Amino acid sequence: MDPRKRARSLMSKELTEQFLPALSPEARPRFEKLEDLEERLDALVRVAQEPWPGLSISAEQFVAYLAERLPGDVPALELLGSINASDLYIACACTFVDPQALRRFESFYISEPDRIHAEFGSKVLDRDDFRQVVWERILVSAENEQPRIASYKGRGRLAGWLRMAARRTLLNAIRDAGRKPVELAEDDLLSRMLSETDDARLALDKAQHREWFKEAFAEALASLQAQERNLLRYRFVEGLSMQEAARILGIHRVSTSRQLARIRQHLLEAVRKNFARRMGESDQELVKALAEVQSHLDLSLSRLLRN
């Protein structure tokens, strides 16, 4: 065998040996079935490294980093075909604090926070200060944590992900400068969700029942997992699209749709259970009130959470 081809073959095998163990238990069987996985990983690495020569991140480091960010509920070929490899590669290098990568990242993507600053025409921060705040927000890690850029998973362009991070940073700065009270995200979310389910609450004929409904709904929201509450907040408080929310959370858009369906069912069941607990003993009044809540809440959530 030609020495160069032999070296390439050995490298591809090493990539596979780093890639497979780093996959989640759900994802690994999908990739083990790919007969040409070595060749595909080798090609992906070459595409990833081409725009960013000279960085210290090895091919083996990169494929392990990639594997850790792949979901287990999407076909392997679809995943590999959808990865923005060069974007993920520079994000990987920044996560591992490669000094050259950090300089080149800031230089290459300098226009993205500037675009957001110009879009809002904000006087809260001047452009240079705002840009520095954005870089610190996504590139500097808190103690014992990875930097925020590590949450970018290669699905969707890094520039779009960065613009969303910059937009949220500026909105927060504008809000804080206006001295508005800073509410918990859960409070924002509860207010937004309750405003969309007023028909369920107003269907109840007693003020006490309406108050119990609010408490039951708040308790149901609190029982969601952090990612589920974030998904609702991105969609219905910050007004992001399904695709934008999916990118931020690092999940596939199809997974986002399924997750919203599960959230709807969970909220329906949790509100009913929490409301019934507050009503106490089962009686005709309880049966009637629960029926009203179930019917109107189902309609409200279906309308709110439709794709």
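**Helix packing around α3**

In this predicted model, Leu-41, Leu-44, Val-45, Ala-48 and Gln-49 of α3 meet Ala-59, Phe-62, Val-63 and Leu-66 of α4.

Visitor: Is α3 roughly parallel or roughly perpendicular to α4?
Guide: The two helices pack at an angle of about 105 degrees, with their axes 10 Å apart. Angles of 65 to 115 degrees count as roughly perpendicular. The orientation of α3 to α4 is therefore roughly perpendicular.

Visitor: How many of the residues of α4 are buried?
Guide: Helix α4 spans residues 59-67 and is mostly covered. Its buried residues are Ala-59, Phe-62, Val-63, Ala-64, Tyr-65, Leu-66 and Ala-67. Of the nine residues in α4, the number buried is seven.

Visitor: Which residues of α6 make the contact with α3?
Guide: Helix α3 (residues 37-49) and helix α6 (residues 85-95) pack at about 70 degrees, with their axes 7 Å apart. This angle makes α3 roughly perpendicular to α6. From α3, the contact involves Leu-44, Val-47, Ala-48 and Gln-49; from α6, it involves Ala-85, Ser-86 and Tyr-89.

Visitor: Is Val-97 buried or exposed?
Guide: Val-97 lies in the loop between α6 and α7, and has a positive phi of about 55 degrees although it is not a glycine. Its relative accessible area is 53%, and a value over 50% counts as exposed. Val-97 is therefore exposed.

Definitions and conventions: Residues numbered from 1 in each chain as written. Predicted model: local features only at pLDDT ≥ 70, side-chain atom pairs only at ≥ 80, totals over all residues. Heavy atoms only, no water. Axes fitted to C-alpha atoms, helices over the stretch in contact; angles between N-to-C directions. Helix = DSSP H or I, 4+ residues; strand = E, 2+ residues; numbered from the N terminus. Parallel < 35°, antiparallel > 145°, perpendicular 65-115°, else oblique. Contact = heavy atoms within 4.5 Å. Buried < 20%, exposed > 50% of the residue type's maximum accessible area, 1.4 Å probe, protein only.
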